[in-house]
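Hello,

Please read them with the model open beside you.

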Amino acid sequence: MTIIIKMREGLDEKKIKVAAKFIREGKLVAFPTETVYGLGANALDSKAVKRIFEAKGRPADNPLIVHIADFNQVHELAREVPPEVELLAKHFWPGPLTVVLPKRENVPRITTGGLDTVAIRMPAHEIALGLIRASKRPIAAPSANISGKPSPTLAEHVIDDFYGRIECIIDGGETKIGVESTVLDLTTKPPTLLRPGGLPMEEIERVIGKIKIHPAVKGKEVNLAKAPGMKYKHYAPNAQVIVIEGVREKVKGKIMELLMEYKKQGIKVGVMATGDFYEADAYVNLGNSEEEIARNLFKALRELDKSGVDIILAEGIEEKGLGLAVMNRLRKAAGYKIIKV
Ligand code: TXA
Ligand code: MG
């Protein structure tokens, strides 16, 4: 039985109490954040967290992000809090930044995928913050999708994946950013970018100086112990995705050329690009700015997949700003099948 709570107009203090009670009782509640929807449970309750892993079909060694609503909660979860954390929080919290810190004893191993560190973030969404406050618990929440599917940016996506399998879904409309938070490991010096996301790394560097990029971010398969999330095939639709990268005009030409070639062979082709492709069996115009493209990315993957195409041709974009997060997701969705022009 799944209760769907509509909260399209923002936080409703009365309705949020219903969802908060579920959290306190060890049940699962999907809720919107500014990045993507999360599948939440009490982060300190091993049994509840176990249910998240089961519902998603998530490998046990892929740790969860713990969501907080008040900076003091960092000290309740983390054993050591380097000065950069306060600085980053001042600039970017609430917001799409997750920090990895040494964990305290009270954080169950199951929440951190067996690691000695914990990932913490304060989301910039009044419903998410309202839920954390009303339940008086830190909330562990991975993206609310079945493992291997694109992250959900609409309540409908969560309903598609989890209806009947979790207690509650809060429908807060479409998420604003559309890609997940940036994950930054602060147990290394300099800090390491483990996952590019909603907060561009350029902005982080403006505040704390140079950071390292984990090689897995760009698709190199080395030393994944610290970035377990990078190991698994992610964001994979049923259709084969092919990313076409290079100078924009050439990329568009190549997409058109491939499109015509596949069509001739009777293959159904979908296109996701920064423009219209009327010749395709299905296409999504992602928009033009990095922000628009990020916002539309996962929805486009789900939509094109539903349309039943065999192949999805995706236009690559420049890896600056949110472009780094977009390209990281696209290349993963493609299983690193990339054509450079
Ligand atoms: O925007 C987001 O981050 C969303 C919303 C719901 O907050 N959540 C999200 O969670 O994307 P998830 O579980 O889909 O991704 C969490 C990522 C994974 O790549 C995981 O491996 C990494 O964070 N992570 C979590 N804890 C970690 C840790 N202790 N050390 C290294 N990586 C960690
Ligand atoms: Mg995820």
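**Notes on the model**

Y336 sits in the loop that links α10 (323-333) to β16 (338-340). Please keep in mind throughout that this is a predicted model. Y336 is not a glycine, yet its phi is positive, at about 65 degrees. With a relative accessible area of 33%, Y336 is partly exposed, because that value falls between the cut-offs of 20% and 50%.

K136 is another non-glycine residue with a positive phi, in this case near 55 degrees. Its place is the loop between α5 and β7 (139-140). K136 has a relative accessible area of 67% and is therefore exposed, the cut-off being over 50%.

Two cis peptide bonds also deserve a look. One joins W93 and P94, with omega at about -10 degrees. P94 belongs to the loop between α4 (83-92) and β5 (97-102). The other runs from K189 to P190, and its omega is near -10 degrees. P190 is found in the loop between β9 (182-185) and β10 (192-195).

Next, the helix pairs. Helix α1 (residues 13-24) and helix α5 (residues 126-135) have axes that come within 8 Å and cross at roughly 55 degrees. The two helices are therefore oblique to each other, since the angle lies between the limit of 35 degrees for roughly parallel and the 65 degrees at which roughly perpendicular begins. The crossing of α1 and α5 is right-handed. On the α1 side the contact is made by I16, A19, A20, I23 and R24, and on the α5 side by I127, G130, L131, A134 and S135. By type, the residues of this contact are seven nonpolar, two polar and one charged.

Helix α6 (residues 155-162) packs against α9 at an angle of about 55 degrees, and their axes are 11 Å apart. These two are therefore oblique to each other as well. The crossing of α6 and α9 is left-handed. H157, D160 and D161 of α6 meet K299, R302 and K306 of α9. What kinds of residue make up the contact of α6 with α9? There are no nonpolar residues in it, one polar and five charged.

Is R302 buried or exposed? R302 is buried, because its relative accessible area of 10% is under the cut-off of 20%. A polar atom of the R302 side chain lies 2.7 Å from the backbone oxygen of P150. Leaving aside residues up to four places away in sequence, R302 touches N145, K149, P150, S151, P152, H157, D160 and D161. H157, D160 and D161 in that list are the α6 residues of the helix contact described above.

I312 has a relative accessible area of 0% and is buried. Which residues does I312 touch, not counting those up to four places away in sequence? They are P237, A239, Q240, V241, I242, G270, M272 and L304.

Regards

Technical notes. Residues numbered from 1 in each chain as written. Chains lettered and ligands numbered in written order. Predicted model: local features only at pLDDT ≥ 70, side-chain atom pairs only at ≥ 80, totals over all residues. Heavy atoms only, no water. Axes fitted to C-alpha atoms, helices over the stretch in contact; angles between N-to-C directions. Helix = DSSP H or I, 4+ residues; strand = E, 2+ residues; numbered from the N terminus. Parallel < 35°, antiparallel > 145°, perpendicular 65-115°, else oblique. Left-handed = near helix turned anticlockwise from the far one by under 90°. Contact = heavy atoms within 4.5 Å. Nonpolar A, V, L, I, M, F, W, Y, C, P; charged D, E, K, R; others polar. Buried < 20%, exposed > 50% of the residue type's maximum accessible area, 1.4 Å probe, protein only. Polar contact = N/O pair within 3.5 Å; in protein donor to acceptor, adjacent residues only side chain to side chain.
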